[in-house]
Number of protein chains: 2
Amino acid sequence: MVPADAFGSLVAALGDIVGSANVITDAEARRGYEIDWTSRFHGSTPAVVRPSNVNEVAAIVVLCRRERVSIVPQGGNTGLVGGGVPLAGEVVVSLQRMSAIDPVDVAARQVTAQAGATLAAVRAAANAAGLTYPVDLGARDTATIGGNIATNAGGINLIRYGGTREQLVGIEAVLGNGEIVRRMSGLVKDNTGYHLPSLLCGSEGTLGIVTAARLRLTTRYDHRVTALLAFASVEAAVAGVAVLRTAIDTLEAAEIVLDAGVRLVCACFDLRPPFARPHPVYVLVEAADATDPTAEMSAAVASLEGLEDVAVADDDGRRAQLWRYREEHTLAIGTLGQPHKLDVTIPQHELATFMGEIPTRVSRYAPTASTWLFGHVGDGNIHVNVTGVEPDDDGIDEVVLGHVAEVGGSISAEHGIGTAKKRWLHLNRSRAEIDAMRAIKRALDPDGILNPNVLLP
Amino acid sequence: MVPADAFGSLVAALGDIVGSANVITDAEARRGYEIDWTSRFHGSTPAVVRPSNVNEVAAIVVLCRRERVSIVPQGGNTGLVGGGVPLAGEVVVSLQRMSAIDPVDVAARQVTAQAGATLAAVRAAANAAGLTYPVDLGARDTATIGGNIATNAGGINLIRYGGTREQLVGIEAVLGNGEIVRRMSGLVKDNTGYHLPSLLCGSEGTLGIVTAARLRLTTRYDHRVTALLAFASVEAAVAGVAVLRTAIDTLEAAEIVLDAGVRLVCACFDLRPPFARPHPVYVLVEAADATDPTAEMSAAVASLEGLEDVAVADDDGRRAQLWRYREEHTLAIGTLGQPHKLDVTIPQHELATFMGEIPTRVSRYAPTASTWLFGHVGDGNIHVNVTGVEPDDDGIDEVVLGHVAEVGGSISAEHGIGTAKKRWLHLNRSRAEIDAMRAIKRALDPDGILNPNVLLP
């Protein structure tokens with residue numbers, strides 16, 4: 001926390017860098033930057049600073065380093081693990097004003113965007129140029145590219161295109177020492193030392209503040225087919241997805257939901273059930289291609305074992321209806337009270353057992369709890385939502401994440417560690433790995449002023 | 001250099017770790033480890049150590065760190081920039097004995113291999129399981145996966161699948177501090193801190209010794225079509241490749257060669273010229289698909305402007321004949337004496353101008369020189385070979401790499417920096433970037449014992 005008497009001079013100095021109009025100190029105006037959207041994580045900041053270019057960001061870091069004031073970089077503030085809000089009086093550096101997107105380089109199939117550009121804006125720019133940016137996720141209209149990079153955002157199309165790190169051709173950032181690093185030439189073959197973009201991607205604002213990125217774009221497909229598959233068991237669903245991944249090169253999404261979740265969604269949004277009779281497990285798959293992929297999808301689906309029913313759609317209206325059974329889960333579960341959100345990855349061969357085991361373990365710990373499971377079955381990423389318990393009941397984390405570690409999974413698939421999970425990092429990372437991370441942190445942020453309360457215990 | 005009186009005790013201590021039979025001190029037996037295959041880079045080592053597992057590698061690093069003895073990790077020793085041979089009395093740690101490849105995980109489409117496994121062995125294992133490892137390059141039979149990772153090997157299929165870094169799901173390595181880091185669970189979504197595999201990939205043995213890796217495998221396509229395209233100019237060739245990359249999603253390779261190079265290859269290997277009459281520029285493209293891609297290739301090629309002639313082949317025999325015009329370049333140029341090898345990436349929009357300009361600039365500097373240009377046009381990676389000058393004439397580097405930097409290119413596309421180019425690193429990397437690399441080096445290799453003579457000036 002900044003001592004009160006230092007407030008004035010710090011705010012004035014920040015104003016000298018970005019202009020006083022871009023230093024927010026009013027309590028009311030600050031509030032939205034001080035609390036995350038789950039409203040679980042919040043704190044306070046002496047000032048929210050809104051720079052307009054990389055040199056201003058560097059000047060802010062140099063000033064805060066000299067004044068020994070910590071910084072929390074903030075993008076769209078859509079994170080779920082408390083990684084982007086000031087928890088202990090840090091200065092918030094908001095990248096909102098740095099949202100420019102350069103004209104798309106169609107020949108190179110790349111685009112340069114500033115950190116504050118939203119994911120939706122980058123995707124729209126790519127689309128307008130006849131291409132696409134292959135990372136997509138629900139918070140697309142608010143989440144920023146800078147935040148996506150800081151958390152290595154994954155999303156719904158990862159099984160075909162990889163996550164944010166795989167799209168990152170170049171980066172511009174201000175390191176914790178105040179130095180600007182920039183490699184934005186967009187060269188896909190460039191072996192001239194350590195790959196800073198990959199290191200900064202997923203570092204949760206603890207090594208540097210990302211100010212711009214050079215992103216890979218991919219082919220935009222105009223033909224898209226979506227199928228909702230009803231299975232008798234999770235085992236059959238997991239096996240079916242493995243078959244489809246091999247059979248359909250153009251498979252972009254494979255999402256799993258369970259009967260209870262679909263019933264809840266239907267009740268909350270007054271939707272018709274997807275099929276005449278309910279089924280234990282549903283998988284939503286989508287493929288996209290330059291030509292019509294519907295025939296390929298139908299043929300591949302026909303070969304599946306344990307499939308009880310199927311609905312195939314290639315018109316956008318019907319496709320959107322099928323997606324609602326998956327995408328409305330978060331809102332539907334939210335109507336039961338603030339859920340306890342966990343986001344884990346389970347090895348494919350452990351997935352079915354895990355999904356059967358976790359609700360039992362949670363109920364044993366908290367008999368009043370309900371466990372909701374859904375997510376990206378194609379890459380083993382399951383969202384575990386628990387209702388009927390206090391959101392801050394860390395016993396739930398212990399039960400779920402402990403078991404995740406036992407089966408060789410990841411305690412954070414795509415949300416990151418933030419402040420919510422750092423006390424559990426040891427479940428996934430050895431002492432040697434955590435020591436290596438600490439050493440890298442000291443190397444690039446020698447005074448530890450960047451996001452000091454996240455990631456590393 | 002190890003003081004002579006320390007030799008005996010060091011060798012004995014190394015023998016205690018790996019067994020004396022695996023510590024090579026005989027001058028004759030050492031020679032192959034002390035010189036690289038270009039024979040341009042060589043030195044001497046007191047001992048070549050051949051560990052059989054990661055714990056032995058860790059013990060070697062701990063011992064050498066305590067004794068203040070430097071280490072050069074070595075794989076297949078096929079590097080071209082002097083990054084893998086002892087230049088100043090370092091101990092050579094050869095990973096040759098660690099060449100195991102686990103059974104392919106078909107469901108996850110991944111394989112775990114030890115660092116000493118050759119690229120060809122990994123590709124064969126993937127093939128036997130009905131999949132493929134998508135990185136491929138000429139040295140496949142000797143180059144090891146560990147070496148591929150240390151240099152982030154690119155190769156001929158990078159335009160479709162990316163380089164080695166994009167295939168690296170997990171890694172096991174011994175850091176310069178002697179600690180073992182391991183994350184081999186093969187989870188594709190795992191956001192729990194800094195991504196050490198991406199950092200170690202391309203670090204040229206300066207941060208850690210890679211001992212094993214978890215690698216992504218891709219679909220094996222049985223249908224393959226290769227076309228040799230004759231163009232009137234490099235401009236037309238570059239434009240044509242851009243068209244084909246958009247038109248053919250399954251394009252795996254796009255290689256450029258020039259008339260002079262093809263004539264030399266034909267003369268050296270007594271081959272018939274590819275076409276009835278010579279053409280200024282040739283591009284070899286290849287596509288692979290689950291179904292027959294020949295029709296797609298032929299249709300796409302028909303739409304090209306400035307195309308003078310074309311040969312399309314989808315039988316393996318004829319395809320191999322077309323590839324020889326490209327792949328025999330290295331051997332054919334070698335018959336003119338040891339060439340000066342440079343390996344650069346040029347932005348697409350600068351490529352044609354660069355290929356016209358470089359021979360002129362080289363001749364201006366060295367009138368006796370001949371400049372040979374060929375390479376991976378699809379990603380802008382051009383191999384610049386200069387004959388008729390001393391291989392160690394650094395003036396050639398200055399002329400070529402200086403111009404590469406002027407046009408925003410990379411001074412090392414896929415060979416790395418090694419010892420050959422470290423004095424030119426400043427052309428591509430800012431002081432801030434080099435400082436950051438040095439800080440990371442100190443963080444993971446505090447005593448600077450790993451490959452101290454490569455990469456960082």
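User: Let's start with A:Leu187: is A:Leu187 buried or exposed?

Analyst: A residue counts as buried under 20% relative accessible area, exposed over 50% and partly exposed in between (1.4 Å probe, protein chains only). A:Leu187 has a relative accessible area of 9%, so A:Leu187 is buried. One caution: this is a predicted model, where local features need pLDDT of at least 70, side-chain atom pairs count only at pLDDT 80 or more, and totals for chains, interfaces and linings use all residues. Residues are numbered from 1 along each chain as its sequence is written, chains are lettered from A and ligands numbered from 1 in the order in which they are written, and side-chain values use heavy atoms, leaving out hydrogens and water.

User: What is A:Leu187 in contact with, leaving aside its neighbours within four places in sequence?

Analyst: Contact means heavy atoms within 4.5 Å. The contacts of A:Leu187 include A:Val169, B:Ile346 and B:Gly409.

User: How do I read a helix? Which residues of helix α4 of chain B are buried?

Analyst: An α-helix has 3.6 residues a turn, so residues three or four places apart point the same way. Helices here are DSSP runs (H or I, at least four residues), strands likewise (E, at least two), numbered from the N terminus. In α4 of chain B, the buried ones are B:Leu119, B:Val122, B:Arg123 and B:Ala126. They fall within an arc of 100° seen down the axis of α4(B), so they line one face of the helix; the arc is that of the directions from the helix axis to the C-beta atoms.

User: And a strand? Which way do the residues of β4 of chain B point?

Analyst: In a regular strand the side chains alternate between the two faces of the sheet. From β4 of chain B, B:Val91 and B:Val93 point one way, B:Val92 and B:Ser94 the other, and all are buried.
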